[in-house]
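Visitor: Can you walk me through this model? I'd like the helices, the core and the surface.

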Amino acid sequence: MTDDSGRGLPAERTGLAWQRSALGAGVVSLLLLYHTAHTGWSALTAAAACTAVAAALLTVVGTKRDREFRRGTPREAPRSALLAVAVLVSLSCLLALAASLR
């Protein structure tokens, strides 16, 4: 951690949380893609794609939020981006569940 008095530790923790979320979604996407490639292309392909889009969205929004915190002018988190991530993750879960029931 850095000792940047203009930014503060809470802001730094927020930036790290966005990075961890994006990294986790990317890893899940790669694992789904790996499993899909070895078992045959199925509904898991769509689940992997949804998770990859969620990871990319988390990366972009997280980077933007981190920059806002560094400048000391953070605004409210973008509700549309958070809703889109929630929908993409839910859709990924439903597609993975549907693929496992076949």
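**Helices, core and surface**

Visitor: Where does L23 lie?
Guide: L23 lies in helix α1, residues 9–39. Helices here are DSSP runs of H or I, at least four residues, numbered from the N terminus.

Visitor: What should I know about the source?
Guide: This is a predicted model: local features need pLDDT of at least 70, side-chain atom pairs count only at pLDDT 80 or more, and totals for chains, interfaces and linings use all residues. Residues are numbered from 1 along each chain as its sequence is written, and side-chain values use heavy atoms, with hydrogens and water left out.

Visitor: Back to L23. Is it buried or exposed?
Guide: L23 counts as exposed because its relative accessibility is 59%. The cut-offs for relative accessible area are under 20% for buried, over 50% for exposed, and partly exposed in between (1.4 Å probe, protein chains only).

Visitor: Which residues make up the largest nonpolar core?
Guide: Eight residues: W18, A22, A25, A55, L58, V61, A81 and V85. α1, α2 and α3 (79–101) each supply at least two residues of this core. A nonpolar core is a set of buried Ala, Val, Leu, Ile, Met, Phe, Trp, Tyr and Cys residues joined through side-chain atoms within 4.5 Å.

Visitor: What does V61 touch?
Guide: W18, P78 and A81, not counting residues up to four places away in sequence. Contact means heavy atoms within 4.5 Å.

Visitor: And which residues of α3 are buried?
Guide: A81, V85, L88 and S92. The buried residues of α3 pack against α2.

Visitor: How far apart are the end C-alpha atoms of α2?
Guide: They are 43 Å apart. Helix α2 has 29 residues, 43–71, and should span 42 Å at 1.5 Å a residue, which agrees. The expected span is 1.5 Å times one less than the number of residues.

Visitor: What about the span of α3?
Guide: The 23 residues of α3 should span 33 Å, and the end C-alpha atoms are 33 Å apart, which agrees.

Visitor: What happens just after α2?
Guide: G72 takes a positive phi of about 85°.

Visitor: Where does P74 lie?
Guide: In the loop between α2 and α3. P74 counts as partly exposed because its relative accessibility is 40%. Leaving aside neighbours within four places in sequence, P74 is in contact with E68 and F69.
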